[in-house]
Amino acid sequence: MAPPVTALLETSLYAADMAVTARFYAEVLGLRLLLTSPRLTAFDAGRGTVLLVFQKGATEEDGVTDRGTIPGHDGTGRLHLALAIPPESLEAWRAQLAAHEVTITGEFHWPRGGTSLYFSDPDGHVVELATPGLWEVY
């Protein structure tokens, strides 16, 4: 049996224009900036989780330093991430997205009671804001 996993710590998206995408996550979604560099912007995604936004094409090769190796990685196409929100904030999120001229491209009401709002970031990645009731664990 595998040792326990306690949480998903990080997830990554890839940006064609780092400044535009970083501004979207900071201003539209209100995520707190943790780190910025030419190849990476990191955001606090709540509850000890981190959203990493990499400059597209900047992380395909292994990163080797005197501290160790980070294997290369990349992503293409319409990637997806979901951010947890409290149910009472749904209308406030609708207003926040509208104020920033972000179009809601989908809405889904889950059998367990949760609601998801879907929209795209500047790179076309699908972002979901989800209230509790999607999964057995959320």
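1. Phe-24, Tyr-25, Phe-43 and Phe-119 are linked by ring pairs into a cluster. Note that this is a predicted model. Across the whole structure, a search turns up five aromatic pairs.

2. Take the stacked pair, Tyr-14 with Phe-54. The ring centres are 5.8 Å apart, with 20° between the planes. Planes under 30 degrees apart count as stacked, so the label follows from the angle. Tyr-14 sits in strand S1 (residues 10-15) and Phe-54 in strand S4 (residues 50-55), so this pair ties together parts 40 residues apart in sequence. Tyr-14 and Phe-54 are both buried.

3. Next, Phe-24 and Phe-119. Their ring centres lie 6.4 Å apart and their planes meet at 55°, so the pair is tilted. Phe-24 belongs to helix H1 (residues 18-28) and Phe-119 to strand S9 (residues 115-120), so the contact joins parts that are 95 residues apart in sequence.

4. Are Phe-24 and Phe-119 buried or exposed? Phe-24 has a relative accessible area of 8%, so this residue is buried. Phe-119 is at 0% relative accessibility and counts as buried. The cut-off for buried is under 20%.

5. Now the surface. Glu-60, Glu-61, Asp-62 and Asp-74 gather there in a patch of negative charge. Where is Asp-74 found? Asp-74 is in the loop between strand S6 (68-70) and strand S7 (80-84). Its relative accessibility is 31%, so Asp-74 counts as partly exposed. Patch residues need over 30% relative accessible area.

Note on methods. Residues are numbered from 1 along each chain as its sequence is written. This is a predicted model: local features need pLDDT of at least 70, side-chain atom pairs count only at pLDDT 80 or more; totals for chains, interfaces and linings use all residues. Side-chain values use heavy atoms; hydrogens and water are left out. Patches are made of residues with over 30% relative accessible area and no salt bridge: like charges are joined within 9 Å, nonpolar side chains (Val, Leu, Ile, Met, Phe, Trp, Tyr) within 5 Å. Accessible areas come from the Shrake-Rupley method with a 1.4 Å probe; for residues, only the protein chains shown count as cover. A salt bridge is a side-chain nitrogen of Lys or Arg within 4 Å of a carboxyl oxygen of Asp or Glu. Lys and Arg count as positive and Asp and Glu as negative; His and the chain ends are not counted. The place of a charge is taken as NZ of Lys, CZ of Arg, CG of Asp or CD of Glu. Helices (H or I, at least four residues) and strands (E, at least two) are DSSP runs, numbered from the N terminus. Buried means under 20% relative accessible area, exposed over 50%, partly exposed in between (1.4 Å probe, protein chains only). Rings of Phe, Tyr and Trp (its six-membered ring) pair if their centres lie within 6.5 Å; planes under 30 degrees apart count as stacked, over 60 as edge-to-face and the rest as tilted.
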